[in-house]
Amino acid sequence: MYRKVKSQERGMNAKMFGMVKNVLNNLFSKPATRLYPKEKRPFFKGTRGSLEIEIEKCIFCGICQRKCPANAITVDRSSKTWQLNQYKCVLCNVCVESCPKKCLISKEQFNNPTTYKELYIQKQEAQEAAQEKEIKVAGVSSS
């Protein structure tokens, strides 16, 4: 019985020294992970994070809407609006590749988290209003 207890104590001591060695290695070595808020990892090449449109280039042909496998894009030619349901979109980039004017852009940056669902809607009317404002300002400054 005495030998059995002695061998168990030796085993415990060996485990204890192994653990102390591990603790000291962790204390004096660099961290195994990144300090996330301070150090952000760059995105990998080809990362598909979010979809954006340059509305001034868009001709509202609807090819992206027809090619979208998730039916996440809605294009209305008459009102000149382009709408993306980001919760349906699977970021497959089929719409980006099929756009004839190359106005759709797949960015590496992910969308910020939100507490409510919203649709990404782009209207060309806003662009036209900005252009009209520039024309009025140019007309006033030339007078």
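This is a predicted model: local features need pLDDT of at least 70, side-chain atom pairs count only at pLDDT 80 or more; totals for chains, interfaces and linings use all residues.
View 1. Because its relative accessibility is 4%, and buried means under 20%, serine 50 counts as buried. The side chain of serine 50 also reaches the backbone oxygen of glutamine 109, at 2.9 Å.

**View 2. Glutamate 54 in the loop between S1 and helix H2.** Glutamate 54 is found in the loop that runs between S1 and helix H2 (63–67), where its relative accessible area of 24% makes this residue partly exposed. Although glutamate 54 and cysteine 103 are 49 residues apart in sequence, their C-alpha atoms are 5.1 Å apart in space. When residues up to four places away in sequence are not counted, glutamate 54 touches Cys103 and Ile105. The side chains of glutamate 54 and lysine 57 are joined by a polar contact of 2.8 Å.

**View 3. A nonpolar patch on the surface that includes leucine 24.** The patch is formed by Met16, Met19, Val20, Val23, Leu24, Leu27 and Phe28, which together have about 740 Å² of accessible area. Leucine 24, one of these residues, has its place in helix H1, which covers residues 2–28, and with a relative accessible area of 42% leucine 24 is partly exposed.

Conventions. Residues are numbered from 1 along each chain as its sequence is written. Side-chain values use heavy atoms; hydrogens and water are left out. Buried means under 20% relative accessible area, exposed over 50%, partly exposed in between (1.4 Å probe, protein chains only). A polar contact is a pair of N or O atoms within 3.5 Å; within protein, one must be able to donate a hydrogen and the other to accept it, and residues adjacent in sequence count only if both atoms are side-chain atoms. Helices (H or I, at least four residues) and strands (E, at least two) are DSSP runs, numbered from the N terminus. Contact means heavy atoms within 4.5 Å. Patches are made of residues with over 30% relative accessible area and no salt bridge: like charges are joined within 9 Å, nonpolar side chains (Val, Leu, Ile, Met, Phe, Trp, Tyr) within 5 Å. Accessible areas come from the Shrake-Rupley method with a 1.4 Å probe; for residues, only the protein chains shown count as cover. A salt bridge is a side-chain nitrogen of Lys or Arg within 4 Å of a carboxyl oxygen of Asp or Glu.
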